Amino acid sequence: MRITQGTFSFLPDLTDEQIAKQVEYALDQGWAVSIEHTDDPHPRNTYWEMWGMPMFDLKDAAGLMTELKECRKVFPDRYIKVNAFDSTLGFETMRLSFIVDRPAREPEFNLRRTDTSGRNIRYELETVRS
Amino acid sequence: MADTVDLKRMLDESHVSDVLDELDRELVGLKPVKTRIREIASLLVVEKAREALGVTSAPPSLHMCFTGNPGTGKTTVAMRMAEILHRLGHVRKGHLVAVTRDDLVGQYIGHTAPKTKEVLKKAMGGVLFIDEAYYLYRPENERDYGQEAIEILMQVMENQREDLVVIFAGYKSRMDRFFESNPGLSSRVAHHIDFPDYSDGELLQIADRMVDGLGLQLAEGARKALAEYLSIRRKQPNFANARSLRNALDRARLRQARRLIEAGEVDAASLTTIEEADIRASRVFDAAPAAKDKEKAAC
Ligand SMILES: Nc1ncnc2c1ncn2[C@@H]1O[C@H](COP(=O)(O)OP(=O)(O)O)[C@@H](O)[C@H]1O
Ligand SMILES: [Mg+2]
């Protein structure tokens with residue numbers, strides 16, 4: 001199932017050139033960019049693993065693209081995303097986050113319904129790797 | 001595609017001539033350096049012209065080495081170089097990241113690679129300036145992490161030429177030895193530029209500009225005293241050309257300030273004038289006769 005999380009996720013996958021342009025935009029805003037990856041794209045999995053430290057003081061997208069290439073080499077079948085963090089007072093939060101790579105074969109999600117106490121029904125969403 | 005290109009127009013459009021002229025105007029002396037920089041700029045324009053005519057060639061290697069004694073203008077020129085490379089479209093942003101060994105080499109295993117890479121990433125789009133680069137190589141310690149930094153540098157210098165330009169700097173003799181011991185690095189550095197020491201006359205001209213830049217002026221006697229100061233200081237250890245001069249002027253300003261405070265009431269002219277006494281109070285002048293006295297005593 002095609003995962004749609006973060007910005008641009010309803011568009012076709014971005015090319016490297018397009019990724020670099022988005023990163024350029026983020027740097028122009030003064031945001032710090034970083035890379036994260038995971039093998040579990042469950043929507044509640046908010047903690048992806050960090051690929052190194054966030055990159056502060058980059059002047060050019062080439063710095064991030066270099067790391068992205070490294071990350072793809074090490075994790076060819078994981079989800080990879082780029083985040084851009086705005087540290088200005090009042091924001092201090094992620095301003096942009098988008099998937100830049102995904103495994104060739106993406107997992108499915110299984111919705112499980114269980115009866116619990118008092119005739120309540122509990123729904124669980126579970127990642128299923130085939 | 002056109003079959004002729006107007007080189008002159010390309011040069012004008014890049015506005016690189018402005019930077020080159022500025023370089024000529026604002027930096028005193030450095031004739032051989034200025035000539036080499038003009039050559040490199042021409043090379044880049046011709047390279048661009050080839051590209052415009054559809055002749056494909058690998059991007060030229062622009063990594064450089066600036067050699068010369070301290071205070072001969074290497075860092076200053078490197079900053080201009082970044083600007084020139086930017087105007088000619090060879091680096092995308094044109095900033096300069098200046099580092100030394102400590103910024104690249106770590107303290108323990110696994111510390112060096114991330115450190116070097118972080119610096120490289122920051123420099124991408126611009127110029128990485130490595131001052132006293134020979135400290136990266138310490139043959140006396142075979143476990144030295146400097147070698148690891150050199151290897152990462154080499155890789156990026158080779159594979160990401162369009163992302164950054166590296167300039168190495170330091171004393172000539174030590175730089176030569178460094179390249180002899182690191183042939184891989186040497187073969188990736190295409191341009192070697194040597195920065196000569198400044199003559200006393202050139203240093204005085206630089207002094208005029210520095211003083212002017214501070215909104216001050218040298219009194220007649222002060223300029224003469226400064227000329228004497230420079231000829232004495234030059235023979236002493238740790239003479240660092242324009243940097244020694246800058247330091248001397250900074251100290252003269254301190255003395256001037258003290259003198260003015262002691263005087264109590266001052267006018268605009270005295271506020272902006274460095275007097276002979278401000279220069280002559282330097283210890284450098286004491287040392288000279290003192291040395292003679294010692295010689296006399298020894299005789
Ligand atoms: N040719 C020159 N004209 C004017 N100022 C100069 C010149 N060369 C050096 N300076 C000044 O001297 C100081 C030292 O120069 P720098 O570039 O740091 O030398 P280096 O890097 O070779 O040690 C700087 O403040 C610089 O502005
Ligand atoms: Mg310097």
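A word on conventions first. Residues are numbered from 1 along each chain as its sequence is written, while chains are lettered from A and ligands numbered from 1 in the order in which they are written. Since the model is predicted, local features need pLDDT of at least 70 and side-chain atom pairs count only at pLDDT 80 or more, whereas totals for chains, interfaces and linings use all residues; side-chain values use heavy atoms, with hydrogens and water left out.

I begin with the ligand. Ligand 1 is surrounded by 18 residues, a residue being near when one of its heavy atoms lies within 4 Å. The closest are B:Thr75, B:Thr76, B:Tyr198, B:Arg243 and B:Arg246. By class, this shell comprises eight nonpolar, six polar and four charged residues. Here Ala, Val, Leu, Ile, Met, Phe, Trp, Tyr, Cys and Pro count as nonpolar, Asp, Glu, Lys and Arg as charged, and the others, Gly among them, as polar.

Next, the polar contacts, that is, pairs of N or O atoms within 3.5 Å. A polar side-chain atom of B:Thr75 is 2.6 Å from a ligand oxygen. For B:Lys74, an N or O atom of the side chain lies 2.8 Å from an oxygen atom of ligand 1, and for B:Gly73 a polar backbone atom lies 3.1 Å from one. Taken alone, ligand 1 exposes 560 Å², of which the protein buries 86%; areas follow the Shrake-Rupley method with a 1.4 Å probe.

A pocket is an open set of points on a 1 Å grid over the protein atoms alone, where a 1.4 Å probe fits, with protein on both sides within 12 Å along at least five of seven lines; lining residues have an atom within 4 Å of a point. Of the 26 lining residues, B:Gly71, B:Thr72, B:Gly73, B:Thr76 and B:Ala242 lie nearest the centre. H4(B) contributes the most to this lining, four residues, helices being DSSP runs (H or I, at least four residues).

H2(A) gives the most, with seven residues.

How values were computed
A polar contact is a pair of N or O atoms within 3.5 Å; within protein, one must be able to donate a hydrogen and the other to accept it, and residues adjacent in sequence count only if both atoms are side-chain atoms. Helices (H or I, at least four residues) and strands (E, at least two) are DSSP runs, numbered from the N terminus.
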